[in-house]
Amino acid sequence: LRFRVRPARVALEAWQRLEAPDLDRVAPANPVMLSLVGTQRLLSGRALEALRRHYGELPRELEVGPRGRPTGRARIAVVRMIALDLMASPETLAPVFRKELEQWASYGITTWSAPLEPRNPLEAFRRLDERGEMPIRFAYSHAMAAAFPGAAAFYARLPDVAGKGTPSLWAIGVSTGAIDGAYPRLCTTLGARPEVKALEECRAAPGTFMRGVLHAMVRAGHRLSGIHVAGDGAADHFMDTVEAASREAGLTPEQVRARRHAVDHCWVNPRPDQIARARRLGIIWSCGPGFLSDGEEIARDYGERYAHQWAVPVRSILDGGGRVVMETDDADLGRRGAFHHVETLVTRRDGNGHVWGREQAVDRKTALLMFTRWAAEYVLREDVLGSLEPGKWADLVVLDRDFLAVPDDEIGSLRVLLTAVGGRLVYTEPAFARAEGLPQIGYRAPAPGYWTRLRSWAGRIVDRVRGGDRDERPPAE
């Protein structure tokens with residue numbers, strides 16, 4: 001059973017005061033998961049037992065109390081295990097993932113990259129790939145063992161997976177998921193009010209479980225990719241581990257640079273000295289323009305200077321000779337489309353119209369390179385992706401206006417008329433398709449009012465389930 005607790009004040013109190021036995025007393029016969037604030041979840045003892053039965057052991061991502069027993073407080077990796085491995089099957093997930101990839105194609109995305117933590121999603125994507133049903137390409141980071149007690153030993157034995165796979169589905173490295181938290185649970189070296197510092201999470205600090213897993217990954221020769229690195233302190237721990245584990249493995253500086261380890265987000269990092277250090281290590285920075293939306297909170301908690309200089313500091317990375325690519329969050333992509341992110345890098349403007357780090361802005365050609373040629377390096381396919389050249393895979397997008405000519409503040413409103421992957425049409429905008437005599441292919445947004453009707457239907461279903469009637473079907477799109 002899954003429940004969402006609202007308002008946020010009540011949810012936060014539940015997170016602080018309740019534990020698994022409290023939920024068992026309320027629902028002794030059923031596994032329960034409470035959705036609280038952000039990614040916070042609280043699991044009942046029944047839910048914990050279901051995890052143990054499925055995997056043979058409990059993941060380390062669960063909080064443990066003073067007596068060594070899980071409290072039921074869970075991180076996002078555990079939530080994904082429950083939702084995707086325990087509550088769904090690969091055949092259930094496959095059409096859902098295909099629909100999502102079709103939606104990304106409608107925004108002009110031809111290759112998508114993310115870490116895969118539970119097992120079922122990889123199996124679902126593998127089945128889509130075998131059936132030739134992948135609308136776009138997917139480059140994933142292997143994170144399926146990172147949350148479990150034996151993770152370090154597992155990755156020490158795992159052969160190098162980077163670059164392995166098919167033209168539609170391949171691995172680009174290994175991932176621990178997050179080595180810190182979402183805002184305000186960053187890991188920084190900055191001073192702040194005690195209540196802010198108390199929330200920081202440095203999960204890859206020396207002596208931690210996560211640090212050991214990272215060390216084992218690098219020492220075994222794996223490429224690190226798809227890792228959530230928020231705060232300059234987290235970036236320090238990342239690079240400390242790369243240096244120490246590479247040295248222990250006997251790798252030369254050239255061999256370390258050849259791995260092309262990647263740091264995701266550029267979220268209150270990197271510092272200027274970290275840019276130089278990353279260049280020596282051959283590290284690629286993956287920067288998410290969406291994190292400029294945290295500018296006000298960063299300025300309030302850590303100081304105005306850091307909100308302007310260390311929030312997605314793309315210009316500083318480039319001027320320092322670093323390597324940087326574009327990153328988008330799936331939620332932001334779904335709300336605003338891919339070109340909104342390009343506009344944000346050019347204007348540095350958040351959703352409230354505030355400009356953060358004007359000197360960190362880049363021109364639109366640079367932003368486009370971050371989305372194309374340079375991003376192809378991140379997914380280890382620069383020989384076949386990222387540009388239109390003979391011998392490459394012919395992934396292309398047709399836009400409704402000239403990308404190089406529209407005003408800066410209109411870049412985000414560019415619409416995709418056609419997306420092709422490998423020369424095969426995977427999306428056509430209906431009016432454009434009719435005008436050009438092309439088939440109408442791919443994702444179609446729900447009709448206006450659909451989500452309102454869906455919420456109304458969900459409410460009616462809750463009422464009917466309480467009365468024992470489950471027969472009503474959801475509204476058609």
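**View 1. The right-handed disulfide of Cys187 and Cys202.** The torsion about the S-S bond of Cys187 and Cys202 is about 100°, so this disulfide is right-handed. A disulfide here is a pair of cysteine sulfur atoms within 2.5 Å, and the sulfur atoms of Cys187 and Cys202 lie 2.1 Å apart. Please keep in mind that the model is predicted: local features need pLDDT of at least 70 and side-chain atom pairs count only at pLDDT 80 or more, while totals for chains, interfaces and linings use all residues. Residues are numbered from 1 along each chain as its sequence is written, and side-chain values use heavy atoms, with hydrogens and water left out.

The bond links distant parts of the chain, 15 residues apart: Cys187 is in the loop between strand S7 (169–174) and helix H8 (194–197), and Cys202 is in the loop between H8 and helix H9 (209–219). Helices (H or I, at least four residues) and strands (E, at least two) are DSSP runs, numbered from the N terminus. Cys187 counts as buried at 1% relative accessibility, whereas Cys202, at 31%, counts as partly exposed. Buried means under 20% relative accessible area, exposed over 50%, and partly exposed in between (1.4 Å probe, protein chains only).

**View 2. The left-handed disulfide of Cys266 and Cys287.** The S to S distance in this pair is 1.9 Å, and the torsion of -60° about the S-S bond makes the link left-handed. Cys266 belongs to strand S9 (residues 262–267) and Cys287 to strand S10 (residues 284–287), so the bond ties together parts that are 21 residues apart in sequence. Cys266 is buried, with a relative accessible area of 0%, and Cys287 also counts as buried at 0%.

**View 3. Val314 in the largest nonpolar core.** This core has 95 residues, and those touching the most other members are Phe125, Ile179, Leu224, Phe238, Trp285 and Val314. A nonpolar core is a set of buried Ala, Val, Leu, Ile, Met, Phe, Trp, Tyr and Cys residues joined through side-chain atoms within 4.5 Å. Not counting residues up to four places away in sequence, Val314 touches Cys287, Val324, Leu345, Gln360, Val362 and Met370; contact means heavy atoms within 4.5 Å. A second, separate core of 15 residues includes Ala47, Ala74, Val79 and Ile82.

**View 4. The buried residues of helix H4.** Which residues of H4 (residues 76–86) are buried? They are Ala77, Val78, Val79, Met81, Ile82 and Asp85. The buried residues of H4 pack against strand S2 (33–35), strand S3 (41–43), helix H3 (45–55), strand S4 (73–74) and helix H6 (119–130).

**View 5. Gly412 and its contacts.** Look for Gly412 in the loop between strand S12 (396–399) and strand S13 (416–421). Gly412 is partly exposed, with a relative accessible area of 21%. Leaving aside neighbours within four places in sequence, Gly412 is in contact with Arg336, Phe339, His340 and Glu343. From Gly412 to Trp310, the C-alpha to C-alpha separation is 24 Å, and the two are 102 residues apart in sequence.
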